[in-house]
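I opened the file to look up the ligand site, the salt bridges and the backbone. My entries follow.

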Amino acid sequence: MKNFRVLFASRNRHKFREISALLKKVGVELVFGAERYSLDVEETGTSYPQNAILKALAWAELAGMPALADDSGIEVRALGWEPGIYSSRLASNDSLRNFTILKKLEGSYDRCCRYVAAFALFFPKDGRLWLTEGYCWGEIATEPVGQCGFGYDPIFIPSGYKKTFAELGDEVKARISHRAVASYALMDMLAEYSMIE
Ligand code: IMP
């Protein structure tokens, strides 16, 4: 198996853990950006890929090595697919963000939602920029349940299951999450270009 190293362009340790576990299986070593550098990239884009590109370019330039960024969020149908790219800015902490969604959905029968993740992988040496995307559909629970994961996981019930991601834990999330799907697409591209076997 070939091995190569990629900087994870983020300060979010949860995302890092999820993606590095997936990419490790194909010989890609993800280095946690926040452990090496202090960088805060303003997310001024109007889409997930735009924000992911901003982060990948900034971290790759700083580190002089390939950088992978994730921009992600939750979209709720009854809320016009909001909060989307503003998911982390909906309120000041995870419990308040979950509470805000539950409050807005009070009395709503339509609990349909989806997680979305956009990845940008930038190679500073030759300027190649690869983008992939992943979706995970589900329903918003009626109350937060479970201790695993992060963010909206206590209120996100993935399609085909009766429990939240925070109850189901890492093993299920690693198979079916938006980040898993975006990672599979990235692995396909890496294999296509013979960067992994
Ligand atoms: P950003 O990509 O840094 O803009 O932040 C994404 C935000 O979306 C996170 O802070 C979470 O609030 C939410 N989010 C994205 N992916 C997940 C996930 O897998 N579980 C729970 N919340 C998530």
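I counted a polar contact as a pair of N or O atoms within 3.5 Å; within protein, one must be able to donate a hydrogen and the other to accept it, and residues adjacent in sequence count only if both atoms are side-chain atoms. The model is predicted, and I kept local features at pLDDT of at least 70 and side-chain atom pairs at pLDDT 80 or more, while totals for chains, interfaces and linings use all residues. Residues are numbered from 1 along each chain as its sequence is written, and side-chain values use heavy atoms, with hydrogens and water left out.

I found a nitrogen atom of the ligand 3.1 Å from an N or O atom in the side chain of His 178. A backbone N or O atom of Tyr 152 is also 3.1 Å from a nitrogen atom of the ligand. An oxygen atom of the ligand lies 3.0 Å from a polar backbone atom of Ser 72. The protein buries 93% of the 490 Å² that the ligand exposes when taken alone (Shrake-Rupley method, 1.4 Å probe; for residues, only the protein chains shown count as cover).

**Ligand shell.** I listed 17 residues around the ligand, of which Lys 15, Tyr 115, Asp 153, Lys 173 and Arg 179 come nearest (a heavy atom within 4 Å counts as near). By class, eight are charged, six polar and three nonpolar; Asp, Glu, Lys and Arg count as charged, Ala, Val, Leu, Ile, Met, Phe, Trp, Tyr, Cys and Pro as nonpolar, and the others, Gly among them, as polar. Strand 3 (67-76) and helix 7 (178-192) each supply at least two shell residues; strand 3 gives the most, with four. Helices (H or I, at least four residues) and strands (E, at least two) are DSSP runs, numbered from the N terminus.

**Salt bridges.** I searched the whole structure and got 17, each a side-chain nitrogen of Lys or Arg within 4 Å of a carboxyl oxygen of Asp or Glu. One joins Glu 18 to Lys 173, with the closest N and O atoms 2.7 Å apart. Glu 18 is in helix 1 (residues 13-24) and Lys 173 in helix 6 (residues 170-176), 155 residues apart.

**Backbone.** Most residues other than glycine have a negative phi, and most peptide bonds are trans. I noted a positive phi, near 65°, at Trp 81, in the loop between strand 3 and strand 4. The peptide bond from Glu 82 to Pro 83 is cis, with omega near 0°.
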